[in-house]
Amino acid sequence: FLKIAIIFILLIIFTYVCNISLMPETIVMMQGDTLNINTILGINLREQNGKGEIVEASSNINKNKVSNVGKLDLKVSLFGNVPVKDVTVNVIPKVKVIPVGKAIGMKLYTDGVLVVGMSEIEGKKPYENCGIKEGDRIVEIDNSKINSTNELIDTVNNSNGNPVGIKYISENEEILTTSIKPVKTGEDYKLGLWVRDAAAGVGTVTFYEPETNMFMSLGHGITDIDTEKIVEISTGELVTANILSINKGKKGSPGEIRGTIENGNTIGTIYKNTNFGVYGTVTNKNYLNLTNSALEVASRDEIKEGKAQILCQLDNTGTKTYKIEIEKIYKNNNIDNKSMFIKVTDKDLIEKTGGIIQGMSGAPIIQNGKFIGAVTNVLINDPTQGYGVFGDILIKQIRQNS
């Protein structure tokens, strides 16, 4: 019995420790949103002033709407008496954005060069035991910064076969060093590493924010085709795209918008590629053809199951509005871009595309005259169904790193 009691007590302690440790130390939320931090029995969140004092001993702000813009300091306590953690909440004001829905092209340039594969050179594996893996980024060779594939090739050739010192960044962002002795093949020296310094694709611009002159697109990040990891970028370009054709989606086979970005005009610069989308600054907004009015970004409490619309471009005549249904809302989801389960109900859109297809990611979702989010994913087994991400998440991404 004693052993069972000890195990039970330890399990309770472990549960409380996990709950407290998983609470974020910093939270960004929009004005009017409900503070919703997961807690268990006995854990309370109370507001404190600049001196760290509890504003009101009996207050518990969790699960309540926050109406004041600015910083909110919270004290996490156990059973109301034992302080265990501080949480800072940054409340950002309601904002307006212009939904775009225009098909565009993106060019991303990596921070360093991305290792996407390895191969033997003259029967040798010079990279063997060096520690470098697919998905790592080489940023320096012999103390020279590497920004492109050509720079890597030139630097390795200049080694004349002597071992080169390599600084690289691993998948978990750890900075490491190693060395490789290049192997000569013909007139060149090689490391046996396949690398890439750029990525490109066609997608949809979600919104333009007049106040900051920033844009957001896709609703998900651009991943490398070989490593399937988010591409870490140093810079990038947003350019105009020309739609060539539509490959209709069907069960088991996602369709796509086929387009080209050759000879595209520069719309803006890209500075961030994240799990929630691609962000940047607009330098020539005329190419966005901003004909829509600015709409307020809805809070999660304002989003309802039922009818909504998406805005997207399927040919070179411009954007159009199509009907969808929001079937389920995951109000507490902050970890990925599957905030809403949606279904395409517009007969014209289903006739043209079969539903949601590649290239439509980022299409803005509008409900009751407010911007509520963007299309992100499609179900392979039913292209009429997919997911959308909350608009407040997209705005927070801008505020967290701008």
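## Labels and the values behind them

Author: Phe207 and Phe371 are both buried, a label that means under 20% relative accessible area, with exposed set at over 50% and partly exposed in between (1.4 Å probe, protein chains only). The model is predicted, so local features need pLDDT of at least 70 and side-chain atom pairs count only at pLDDT 80 or more, whereas totals for chains, interfaces and linings use all residues. Residues are numbered from 1 along each chain as its sequence is written, and side-chain values use heavy atoms, with hydrogens and water left out.

Reader: Why is the pair of Phe207 and Phe371 called edge-to-face?

Author: Rings of Phe, Tyr and Trp (its six-membered ring) pair if their centres lie within 6.5 Å; planes under 30 degrees apart are stacked, over 60 edge-to-face, and the rest tilted. The centres of Phe207 and Phe371 are 5.5 Å apart and their planes stand at 75 degrees, so the pair is edge-to-face. Phe207 belongs to strand E13 (residues 193–209) and Phe371 to strand E25, 164 residues apart, and the pair links these distant parts of the chain. Strands (E, at least two residues) and helices (H or I, at least four) are DSSP runs numbered from the N terminus.

Reader: How many aromatic pairs does this rule give?

Author: The count is three. One of them is Tyr16 with Phe79, whose ring centres are 6.1 Å apart with planes at 45 degrees, so this pair is tilted. Tyr16 lies in helix H1 (residues 2–22) and Phe79 in the loop between E3 and strand E4 (82–92), so parts 63 residues apart in sequence are tied together.

Reader: Is Tyr16 buried or exposed, and is Phe79 buried or exposed?

Author: Tyr16 has a relative accessible area of 18%, so it is buried. Phe79 has 56%, so it is exposed.

Reader: What makes Val84 partly exposed, and what does Val84 touch?

Author: Val84 is at 34% relative accessibility, so it counts as partly exposed. Val84 lies in strand E4. Not counting residues up to four places away in sequence, Val84 touches Ile20, Val76, Ser77 and Leu78; contact means heavy atoms within 4.5 Å.

Reader: Which residues have the most contacts inside the largest nonpolar core?

Author: They are Phe207, Ile310, Met340, Ile342, Met360, Ile365 and Leu394, in a core of 44 residues. A nonpolar core is a set of buried Ala, Val, Leu, Ile, Met, Phe, Trp, Tyr and Cys residues joined through side-chain atoms within 4.5 Å. Leaving aside neighbours within four places in sequence, the contacts of Phe207 include Val97, Met214, Phe371, Leu394 and Ile398. Another core, of 19 residues, lies apart from the largest one, and among its members are Val100, Leu108, Leu238 and Ile270.

Reader: What leaves one side of E1 and of E2 without a neighbour in the sheet?

Author: Two strands pair if DSSP finds at least two bridges between them. The open sheet has four strands in the order E1-E4-E3-E2, with mixed pairing. Strand E1 (26–30) and E2 stand at its edges with a single partner strand each, so one side of each has no neighbour. E2 pairs with strand E3 (residues 70–78) in the antiparallel sense over six bridges. Opposite Leu74 in E3 stands Glu47, and opposite Leu78 in E3 stands Ile43. Strand E2 (residues 43–48) is mostly covered, with five of its six residues buried.

Reader: Which strands close into a barrel?

Author: The barrel has six strands in the order E21-E22-E23-E26-E25-E24, with antiparallel pairing. Within it, strand E24 (residues 364–367) and strand E25 (residues 370–379) are joined by four bridges, and Gln367 stands opposite Lys370 in E25.

Reader: How do you know that Lys272 lies over the face of Tyr279?

Author: The rule asks for NZ of Lys or CZ of Arg within 6 Å of the ring centre and within 35 degrees of the ring normal. Lys272 is 4.9 Å from the ring centre of Tyr279. Likewise, the charged end of Lys338 sits over the ring of Tyr387, 5.2 Å from its centre.

Reader: What makes the phi of Glu122 worth a remark?

Author: Most residues other than glycine have a negative phi. Glu122 is not a glycine, yet its phi is positive, about 55 degrees. Glu122 lies in the loop between strand E6 (103–118) and strand E7 (137–141), and at a relative accessible area of 57% it is exposed. Asn160 also has a positive phi, near 55 degrees, and at 55% relative accessibility Asn160 counts as exposed.
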